[in-house]
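I'll jot things down as I look them up.

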Amino acid sequence: MRGTAIEVSGLRKAFGDKTVLDGIDLTVEAGTIFSLLGPNGAGKTTTVNVLTTLTRADGGTARVAGHDVAREAKAVRSKIGVTGQFAAVDELLTGEENLQLMADLQRVGRRIVPELLERFDLTGSARKPSSTYSGGMRRKLDLAMTLVATPQIIFLDEPTTGLDPRSRRTMWGIVRELVADGVTVFLTTQYLDEADQLADRVAVLDQGRLVAQGTPAELKHQIPGAHVRLRFAGVRDLDAAAAALAGATRDEESLTLKVASDGSTKSLRALLDRLAEHELDAEELSVHTPDLDDVFLALTGHTSALTGHTSAKGTDK
(Lines give C-alpha, C1' and ligand atoms only; values in the text may rest on other atoms or scores of the structure.)
Protein backbone atom coordinates (compact mmCIF):
# COMPACT_ATOMS: atom_id res chain seq x y z
CA MET A 1 0.00 0.00 0.00
CA ARG A 2 1.38 3.41 -0.99
CA GLY A 3 0.34 6.94 -0.13
CA THR A 4 -1.73 7.76 2.93
CA ALA A 5 -2.83 4.98 5.29
CA ILE A 6 -4.84 7.04 7.80
CA GLU A 7 -6.48 10.47 7.45
CA VAL A 8 -8.23 12.13 10.38
CA SER A 9 -9.90 15.55 10.30
CA GLY A 10 -11.71 17.33 13.13
CA LEU A 11 -12.33 14.14 15.06
CA ARG A 12 -14.46 14.68 18.16
CA LYS A 13 -15.75 12.34 20.84
CA ALA A 14 -17.39 12.94 24.21
CA PHE A 15 -18.67 10.62 26.92
CA GLY A 16 -21.42 12.46 28.72
CA ASP A 17 -20.17 15.96 29.52
CA LYS A 18 -16.50 14.94 29.21
CA THR A 19 -14.86 15.76 25.89
CA VAL A 20 -12.26 13.08 25.16
CA LEU A 21 -11.27 14.08 21.60
CA ASP A 22 -11.53 17.73 20.65
CA GLY A 23 -10.93 18.20 16.92
CA ILE A 24 -8.09 15.80 16.11
CA ASP A 25 -6.27 16.17 12.78
CA LEU A 26 -3.57 13.74 11.73
CA THR A 27 -2.17 11.91 8.72
CA VAL A 28 -0.24 8.65 8.70
CA GLU A 29 1.78 7.72 5.64
CA ALA A 30 1.70 4.12 4.47
CA GLY A 31 4.65 1.93 5.43
CA THR A 32 5.64 4.03 8.44
CA ILE A 33 5.39 3.87 12.23
CA PHE A 34 3.25 6.62 13.75
CA SER A 35 3.27 6.98 17.52
CA LEU A 36 0.59 8.70 19.59
CA LEU A 37 1.84 9.90 22.98
CA GLY A 38 -0.04 11.46 25.86
CA PRO A 39 -0.70 11.30 29.60
CA ASN A 40 -3.15 8.75 30.94
CA GLY A 41 -6.66 9.83 30.00
CA ALA A 42 -5.47 11.98 27.10
CA GLY A 43 -7.63 10.09 24.58
CA LYS A 44 -5.12 7.68 23.01
CA THR A 45 -7.20 4.52 23.35
CA THR A 46 -10.37 6.36 22.30
CA THR A 47 -8.56 7.45 19.13
CA VAL A 48 -7.59 3.84 18.40
CA ASN A 49 -11.12 2.65 19.12
CA VAL A 50 -12.57 5.16 16.66
CA LEU A 51 -10.05 4.31 13.94
CA THR A 52 -10.66 0.58 14.37
CA THR A 53 -14.47 1.01 14.21
CA LEU A 54 -15.00 -0.02 17.85
CA THR A 55 -16.31 3.43 18.84
CA ARG A 56 -18.29 5.89 16.73
CA ALA A 57 -17.05 9.48 16.70
CA ASP A 58 -19.40 12.38 17.44
CA GLY A 59 -17.94 14.54 14.70
CA GLY A 60 -15.20 14.87 12.11
CA THR A 61 -14.04 12.28 9.61
CA ALA A 62 -11.57 9.42 9.63
CA ARG A 63 -10.42 7.26 6.74
CA VAL A 64 -8.36 4.11 7.23
CA ALA A 65 -6.90 2.29 4.22
CA GLY A 66 -9.00 4.60 2.04
CA HIS A 67 -12.30 3.73 3.74
CA ASP A 68 -14.51 5.86 5.97
CA VAL A 69 -14.56 4.31 9.43
CA ALA A 70 -18.22 5.17 10.00
CA ARG A 71 -19.77 4.33 6.62
CA GLU A 72 -17.41 1.53 5.55
CA ALA A 73 -16.60 -0.18 8.84
CA LYS A 74 -16.54 -3.68 7.36
CA ALA A 75 -14.05 -2.64 4.67
CA VAL A 76 -11.84 -0.99 7.31
CA ARG A 77 -11.86 -4.11 9.47
CA SER A 78 -10.77 -6.20 6.49
CA LYS A 79 -7.58 -4.13 6.17
CA ILE A 80 -6.48 -3.79 9.80
CA GLY A 81 -5.20 -5.74 12.76
CA VAL A 82 -5.42 -4.67 16.39
CA THR A 83 -3.31 -5.61 19.39
CA GLY A 84 -4.45 -4.06 22.66
CA GLN A 85 -2.94 -3.46 26.08
CA PHE A 86 -3.78 -7.00 27.15
CA ALA A 87 -2.98 -10.02 25.02
CA ALA A 88 -6.19 -11.48 23.58
CA VAL A 89 -5.01 -15.06 24.00
CA ASP A 90 -7.23 -17.99 24.99
CA GLU A 91 -5.30 -19.56 27.86
CA LEU A 92 -7.16 -22.87 27.51
CA LEU A 93 -5.63 -23.37 24.05
CA THR A 94 -2.05 -23.96 23.01
CA GLY A 95 -0.20 -21.34 21.02
CA GLU A 96 -0.73 -23.37 17.86
CA GLU A 97 -4.45 -23.79 18.58
CA ASN A 98 -4.87 -20.05 19.16
CA LEU A 99 -3.40 -19.36 15.74
CA GLN A 100 -5.43 -22.11 14.08
CA LEU A 101 -8.62 -20.74 15.62
CA MET A 102 -7.82 -17.26 14.32
CA ALA A 103 -7.06 -18.67 10.87
CA ASP A 104 -10.41 -20.47 10.86
CA LEU A 105 -12.26 -17.32 11.95
CA GLN A 106 -10.54 -15.30 9.24
CA ARG A 107 -11.08 -18.06 6.66
CA VAL A 108 -7.51 -17.85 5.43
CA GLY A 109 -6.42 -21.44 5.86
CA ARG A 110 -4.04 -22.87 8.44
CA ARG A 111 -0.94 -23.01 6.25
CA ILE A 112 0.19 -19.69 7.67
CA VAL A 113 0.32 -21.03 11.25
CA PRO A 114 3.75 -22.77 11.12
CA GLU A 115 5.24 -19.71 9.42
CA LEU A 116 3.99 -17.39 12.17
CA LEU A 117 5.15 -19.71 14.93
CA GLU A 118 8.63 -19.71 13.44
CA ARG A 119 8.67 -15.96 12.81
CA PHE A 120 7.82 -15.22 16.44
CA ASP A 121 10.13 -17.92 17.83
CA LEU A 122 7.23 -19.87 19.30
CA THR A 123 7.70 -23.20 17.51
CA GLY A 124 9.21 -24.90 20.56
CA SER A 125 6.23 -23.88 22.72
CA ALA A 126 3.55 -24.27 20.05
CA ARG A 127 1.83 -27.24 21.71
CA LYS A 128 2.05 -25.96 25.27
CA PRO A 129 -0.96 -24.27 26.87
CA SER A 130 -0.67 -20.52 26.44
CA SER A 131 -1.40 -20.19 30.17
CA THR A 132 2.20 -21.36 30.70
CA TYR A 133 3.64 -18.61 28.48
CA SER A 134 5.57 -15.66 29.86
CA GLY A 135 4.22 -12.16 29.35
CA GLY A 136 6.57 -11.60 26.43
CA MET A 137 5.53 -14.85 24.77
CA ARG A 138 1.84 -13.96 25.14
CA ARG A 139 2.46 -10.58 23.53
CA LYS A 140 4.24 -12.26 20.63
CA LEU A 141 1.44 -14.78 20.23
CA ASP A 142 -1.14 -11.98 20.33
CA LEU A 143 0.69 -10.10 17.58
CA ALA A 144 1.08 -13.30 15.56
CA MET A 145 -2.69 -13.80 15.80
CA THR A 146 -3.17 -10.24 14.52
CA LEU A 147 -1.04 -11.08 11.47
CA VAL A 148 -2.99 -14.18 10.45
CA ALA A 149 -5.07 -12.13 8.01
CA THR A 150 -2.00 -10.18 6.72
CA PRO A 151 -3.39 -6.71 7.55
CA GLN A 152 -2.17 -3.58 5.77
CA ILE A 153 -2.37 -1.49 8.95
CA ILE A 154 -1.76 -2.63 12.51
CA PHE A 155 -2.87 -0.72 15.60
CA LEU A 156 -0.70 -1.44 18.62
CA ASP A 157 -2.27 0.05 21.75
CA GLU A 158 0.50 0.03 24.38
CA PRO A 159 1.71 -3.42 23.25
CA THR A 160 4.76 -3.65 25.54
CA THR A 161 3.16 -2.54 28.81
CA GLY A 162 4.45 -4.72 31.65
CA LEU A 163 7.17 -6.42 29.60
CA ASP A 164 10.76 -6.65 30.78
CA PRO A 165 13.38 -4.67 28.78
CA ARG A 166 14.53 -7.73 26.80
CA SER A 167 10.99 -8.64 25.74
CA ARG A 168 10.29 -5.02 24.80
CA ARG A 169 13.32 -4.94 22.52
CA THR A 170 12.26 -8.22 20.93
CA MET A 171 8.89 -6.64 20.15
CA TRP A 172 10.64 -3.58 18.71
CA GLY A 173 12.52 -5.82 16.32
CA ILE A 174 9.30 -7.51 15.21
CA VAL A 175 7.61 -4.13 14.64
CA ARG A 176 10.55 -2.96 12.49
CA GLU A 177 10.32 -6.16 10.43
CA LEU A 178 6.62 -5.56 9.84
CA VAL A 179 7.26 -2.07 8.51
CA ALA A 180 10.09 -3.37 6.33
CA ASP A 181 7.47 -5.69 4.80
CA GLY A 182 5.28 -2.68 3.98
CA VAL A 183 2.89 -2.74 6.94
CA THR A 184 1.79 0.56 8.51
CA VAL A 185 1.93 0.68 12.32
CA PHE A 186 -0.12 3.04 14.49
CA LEU A 187 1.41 2.81 17.95
CA THR A 188 0.28 4.21 21.27
CA THR A 189 2.81 3.78 24.03
CA GLN A 190 3.53 4.77 27.59
CA TYR A 191 7.27 4.53 26.95
CA LEU A 192 8.84 7.65 25.50
CA ASP A 193 12.03 5.81 24.58
CA GLU A 194 9.89 3.35 22.61
CA ALA A 195 8.45 6.15 20.47
CA ASP A 196 11.92 7.63 20.07
CA GLN A 197 13.36 4.30 18.92
CA LEU A 198 10.55 3.24 16.59
CA ALA A 199 8.45 6.11 15.29
CA ASP A 200 8.90 7.93 12.00
CA ARG A 201 6.45 10.54 13.29
CA VAL A 202 5.07 11.33 16.72
CA ALA A 203 1.95 13.19 17.83
CA VAL A 204 1.46 14.40 21.40
CA LEU A 205 -2.12 14.27 22.66
CA ASP A 206 -3.15 16.19 25.79
CA GLN A 207 -6.69 16.61 27.12
CA GLY A 208 -8.16 15.52 23.81
CA ARG A 209 -6.11 17.89 21.65
CA LEU A 210 -3.00 17.34 19.58
CA VAL A 211 -0.42 19.78 20.90
CA ALA A 212 2.44 18.80 18.57
CA GLN A 213 3.32 16.57 15.63
CA GLY A 214 6.58 15.83 13.85
CA THR A 215 9.53 13.50 13.73
CA PRO A 216 11.18 12.80 17.10
CA ALA A 217 14.10 15.01 16.04
CA GLU A 218 11.80 17.88 15.05
CA LEU A 219 9.97 17.76 18.37
CA LYS A 220 13.22 17.73 20.34
CA HIS A 221 14.52 20.74 18.43
CA GLN A 222 11.47 22.74 19.54
CA ILE A 223 12.57 22.50 23.17
CA PRO A 224 15.24 24.94 24.40
CA GLY A 225 18.14 23.92 26.62
CA ALA A 226 20.45 22.01 24.29
CA HIS A 227 24.06 22.69 25.22
CA VAL A 228 27.64 21.48 25.23
CA ARG A 229 29.50 21.14 28.51
CA LEU A 230 33.28 21.63 28.46
CA ARG A 231 35.59 20.74 31.35
CA PHE A 232 39.05 22.26 31.61
CA ALA A 233 42.22 21.34 33.47
CA GLY A 234 42.46 24.52 35.53
CA VAL A 235 41.01 27.93 36.31
CA ARG A 236 43.33 29.69 33.87
CA ASP A 237 42.05 27.68 30.90
CA LEU A 238 38.50 28.08 32.16
CA ASP A 239 38.90 31.88 32.30
CA ALA A 240 40.41 31.99 28.81
CA ALA A 241 37.67 29.82 27.36
CA ALA A 242 34.94 31.91 29.03
CA ALA A 243 36.45 35.03 27.45
CA ALA A 244 36.60 33.34 24.03
CA LEU A 245 33.08 31.94 24.13
CA ALA A 246 30.75 34.85 24.75
CA GLY A 247 27.57 33.91 26.58
CA ALA A 248 28.92 30.68 28.07
CA THR A 249 27.98 29.87 31.66
CA ARG A 250 30.91 28.99 33.90
CA ASP A 251 31.16 26.84 37.01
CA GLU A 252 34.48 27.27 38.79
CA GLU A 253 33.90 24.42 41.21
CA SER A 254 33.65 21.84 38.42
CA LEU A 255 35.88 23.81 36.00
CA THR A 256 33.17 23.60 33.34
CA LEU A 257 31.58 25.87 30.77
CA LYS A 258 28.04 25.43 29.48
CA VAL A 259 27.68 26.60 25.89
CA ALA A 260 24.31 26.80 24.08
CA SER A 261 24.37 24.48 21.05
CA ASP A 262 22.00 22.41 18.97
CA GLY A 263 24.47 19.51 19.15
CA SER A 264 24.92 19.33 15.38
CA THR A 265 28.23 18.40 13.82
CA LYS A 266 28.46 21.88 12.28
CA SER A 267 28.01 23.69 15.60
CA LEU A 268 30.44 21.37 17.39
CA ARG A 269 33.07 21.93 14.71
CA ALA A 270 32.66 25.71 15.03
CA LEU A 271 33.02 25.46 18.81
CA LEU A 272 36.20 23.37 18.59
CA ASP A 273 37.63 25.71 15.94
CA ARG A 274 37.01 28.65 18.27
CA LEU A 275 38.90 26.92 21.06
CA ALA A 276 41.74 26.02 18.70
CA GLU A 277 42.07 29.69 17.66
CA HIS A 278 42.88 30.49 21.30
CA GLU A 279 45.06 27.40 21.71
CA LEU A 280 42.69 25.88 24.26
CA ASP A 281 41.91 22.22 24.84
CA ALA A 282 38.99 20.88 26.84
CA GLU A 283 39.70 17.79 28.91
CA GLU A 284 36.13 16.61 28.45
CA LEU A 285 33.24 17.47 26.15
CA SER A 286 29.65 16.24 26.47
CA VAL A 287 26.57 17.05 24.41
CA HIS A 288 23.27 17.51 26.22
CA THR A 289 20.14 17.58 24.04
CA PRO A 290 16.44 17.43 24.97
CA ASP A 291 14.79 14.02 24.72
CA LEU A 292 11.13 13.12 24.30
CA ASP A 293 10.72 13.26 28.07
CA ASP A 294 11.59 16.98 27.90
CA VAL A 295 9.17 17.42 24.99
CA PHE A 296 6.43 15.62 26.90
CA LEU A 297 6.92 17.81 29.98
CA ALA A 298 7.10 21.05 28.00
CA LEU A 299 3.96 20.31 25.97
CA THR A 300 1.72 18.67 28.57
CA GLY A 301 3.00 19.92 31.89
CA HIS A 302 3.41 16.30 32.99
CA THR A 303 6.55 14.32 33.63
CA SER A 304 6.43 10.96 31.92
CA ALA A 305 6.58 8.97 35.18
CA LEU A 306 6.76 5.90 32.99
CA THR A 307 8.10 2.59 34.24
CA GLY A 308 11.10 1.47 32.23
CA HIS A 309 11.92 4.87 30.77
CA THR A 310 15.53 5.83 31.09
CA SER A 311 16.60 9.34 30.21
CA ALA A 312 19.56 9.71 27.90
CA LYS A 313 20.42 13.21 29.10
CA GLY A 314 24.11 13.86 29.41
CA THR A 315 25.04 11.49 26.63
CA ASP A 316 25.69 11.99 22.95
CA LYS A 317 22.41 11.37 21.16
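**Ground rules.** I'm working with a predicted model, where local features need pLDDT of at least 70, side-chain atom pairs count only at pLDDT 80 or more, and totals for chains, interfaces and linings use all residues. Residues are numbered from 1 along each chain as its sequence is written, and side-chain values use heavy atoms, with hydrogens and water left out.

**Whole chain.** I looked up the secondary structure and found 11 helices and 14 strands in the protein chain; these are DSSP runs, numbered from the N terminus, with helices (H or I) of at least four residues and strands (E) of at least two. Along the principal axes, the C-alpha atoms fill a box of roughly 75 × 50 × 35 Å. Of the 317 residues, 47% count as buried (under 20% relative accessible area, with a 1.4 Å probe and protein chains only; exposed is over 50%, partly exposed is in between). I also checked contacts (heavy atoms within 4.5 Å): among those with a separation of 6 or more, 69% are between residues 24 or more positions apart.

**Lys79.** Where does Lys79 lie? I found Lys79 in the loop between α2 (73-77) and β6 (80-83). Lys79 counts as partly exposed because its relative accessibility is 27%. Setting aside neighbours within four places in sequence, I see Lys79 in contact with Ala65, His67, Pro151, Gln152 and Ile153. I then followed up Pro151: Lys79 and Pro151 are 72 residues apart in sequence, yet their C-alpha atoms are 5.1 Å apart in space.
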